[in-house]
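Dear colleague,

Please find below the structure that I am handing over to you, followed by an account of what was found in it.

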Amino acid sequence: MTVLDLMQQAAGIPAQEIRDLLAKLAAAAPGLADEVSKLVAALDADLAPEKIASMAALILPEALDILHLKLAGQDHPSDAI
Amino acid sequence: MTFMGALLGAYLSANGVWYDQAALPSDFETGLNLKASLSPHISLVGSGDYGFEHSYIRGAGGVRLTLTDPNTPDLSVGLGAQYNVSNDHDIRPQETSVDATLGYRPFPGEQPRVIVGVQGSYGLQSHKASALLGVRYQLTK
């Protein structure tokens, strides 16, 4: 599974459209072609479990902080009783 | 306050407890209280205490709906239900009770870990009421 596959499955973002869009960008701005090529390679690279784990480790603290703000973490003194 | 500190809490406790059929005070307890804040207004709470006068051990755990006054964050009230266990059913029957709790941090500047509170509870099977006046020292931060 690749990042583009994951985006398609999780959010319905069509992978082929992203590839086409990036190809158009590379054609329109030849100076960015190398960078776009690297980006496409990264998006199309297989996600190994260890890569997924490292991404989760990166995202999880941020997600917990958002949960802290949005859902939990109220300091009610009465909860101590 | 850290994320885990806000989500989870542990407190040393000291209570005076009164049961509706007993003399004043029924007992003096000390123990440990735990809480997990699942949402801004829903918490899991649990406690274990030892009663010195009658040499009993009791525990309770349940859920609480909690409201804190936005203008006075150091004062909050909670309504909930807990399941009670103990090694002396005459003193503390094994049953579900409903409770109302008020907690107050009296010295948020000087002693932010100190909380005082009162709780009234009513046993749904025994139909006995009890009241608790307690002091907590917050272990987590």
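D74(B) and R105(B) are both buried, a term that stands for under 20% relative accessible area, with exposed meaning over 50% and partly exposed in between (1.4 Å probe, protein chains only). Their side chains form a salt bridge with an N to O distance of 3.2 Å; the term requires a side-chain nitrogen of Lys or Arg within 4 Å of a carboxyl oxygen of Asp or Glu. Because D74(B) belongs to strand 5 (residues 72-86) of chain B and R105(B) to the loop between strand 6 (95-104) and strand 7 (114-123), the pair ties together parts that are 31 residues apart in sequence. Helices (H or I, at least four residues) and strands (E, at least two) are DSSP runs, numbered from the N terminus.

This is a predicted model, in which local features need pLDDT of at least 70 and side-chain atom pairs count only at pLDDT 80 or more, while totals for chains, interfaces and linings use all residues. Residues are numbered from 1 along each chain as its sequence is written, chains are lettered from A and ligands numbered from 1 in the order in which they are written, and side-chain values use heavy atoms, with hydrogens and water left out.

R105(B) also forms a salt bridge with D75(A), the closest N and O atoms being 3.2 Å apart.

As for the interface, 14 residues from chain A and 36 residues from chain B take part in the contact (heavy atoms within 4.5 Å). The two chains bury about 1,900 Å² between them, 58% of it on carbon and sulfur atoms; buried area is the accessible area (1.4 Å probe) that two parts lose on being put together, summed over both. On the side of chain A, P77(A), D79(A) and I81(A) lose the most area to chain B, together 37% of what that side buries.

Within chain A, the side chains of R19(A) and D44(A) meet in a salt bridge of 2.8 Å, N to O. This pair links helix 2 (residues 15-28) with helix 3 (residues 33-44), the two residues being 25 residues apart. R19(A) counts as partly exposed at 24% relative accessibility, and D44(A) counts as partly exposed at 29%.

Yours sincerely
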